[in-house]
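Here's a quick briefing on a protein–DNA model. Have a look at the structure first, then go through the notes below.

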2 protein chains.
Amino acid sequence: MGITSPRAELKRAELAGRLGCNLETIRYYEKIGLLPEPARTASGHRLYSNGDQVRLRFILRARSLGFSVEDVRSLLGINDGRPSCADVKALAEAHRGDIRKRIADLRQMDRRLGEIMAGCTGAETPDCALTDNLFEDR
Amino acid sequence: MGITSPRAELKRAELAGRLGCNLETIRYYEKIGLLPEPARTASGHRLYSNGDQVRLRFILRARSLGFSVEDVRSLLGINDGRPSCADVKALAEAHRGDIRKRIADLRQMDRRLGEIMAGCTGAETPDCALTDNLFEDR
DNA sequence: CTTGCCTCTGTACCGACTACAGAGCGTAAC
DNA sequence: GTTACGCTCTGTAGTCGGTACAGAGGCAAG
């Protein structure tokens, strides 16, 4: 058995440690219905199966690609049953559009900031091209 | 007097309309201390001076450049008195660094998404390269 | 005088977590 | 056996930057 091979029953902190997420995130995903309620020990401690681990990994990867929690819900088939490849593709294309818009917005911010800062001397005086620009009566 | 020339006393909705922000945003900035408490009519309605308008415009412009509310507080000299040009430059450079990191992160997301979607046929079947990839045991 | 729109206040909600308080459980050492 | 430590449980509050809404009151036109 390899070091990272799945084990049948993991506690919450073990699962979080393996997948590199915050401890509380797991409980949060359970609360909002992304993760099913796991098995419990007699005293009420959560026990995560290999399937739980696979599902959480899916969620974390989708989130790391920038999909929203609602998107993940759709990808998992929680809303309307398991989505077709066409559904997934549409969701992903829309998401990519969002990402590109956000990049464009940030690039514009960077460019504007660069323009305004061009006159910023960095002197120890209160006169500053940047603040002057923002106060300007345009 | 031009159409957009400043007028001494504006009501909240007039100010919001002129500067193109949400009505409630103004009250919010007052609450968190970015805007001072304005003058009031006898019955308690807010009246904004030309100076208030200049200050709000500064805040909105800074926010549109992506500065955080805390950054704006510093730029306005609310924290430690009016900042020097050197202070402003340092703040702006740090902020630009943040913007560029966010762009890099988004570009990586876009790239990864593109790679994964390459195998996505868009067929009406439940088999999908994207979801398969996220479920994969790696 | 009524109608309709403005303003006021406080509070709840958004997304996606994260943190913390206070209680209980599990186990290893002594 | 008991004590100490660390993990888990629950519910709730805080983060950021607003946005929305309820319920009350003001103000001007018709």
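**Grip on DNA strand D**

Arg63(B) puts a polar side-chain atom 2.5 Å from a phosphate oxygen of DNA strand D. Bear in mind that this is a predicted model, where local features need pLDDT of at least 70, side-chain atom pairs count only at pLDDT 80 or more, and totals for chains, interfaces and linings use all residues. Residues are numbered from 1 along each chain as its sequence is written, chains are lettered from A in the order written, and side-chain values use heavy atoms, without hydrogens or water.

*Around the DNA*

- In the side chain of Thr25(B), an N or O atom sits 2.6 Å from a phosphate oxygen of DNA strand D.
- Glu24(B) goes for a base instead: a side-chain N or O atom is 3.5 Å from a base nitrogen of DNA strand D.
- DNA strand D has 18 residues around it (a heavy atom within 4 Å), and Arg12(A), Arg27(A) and Arg46(A) are among the closest.

*Between the chains*

- One salt bridge pairs Arg96(B) with Asp110(A), with the closest N and O atoms 2.8 Å apart.

Definitions and conventions. Polar contact = N/O pair within 3.5 Å; in protein donor to acceptor, adjacent residues only side chain to side chain. Salt bridge = Lys/Arg side-chain N within 4 Å of Asp/Glu carboxyl O.
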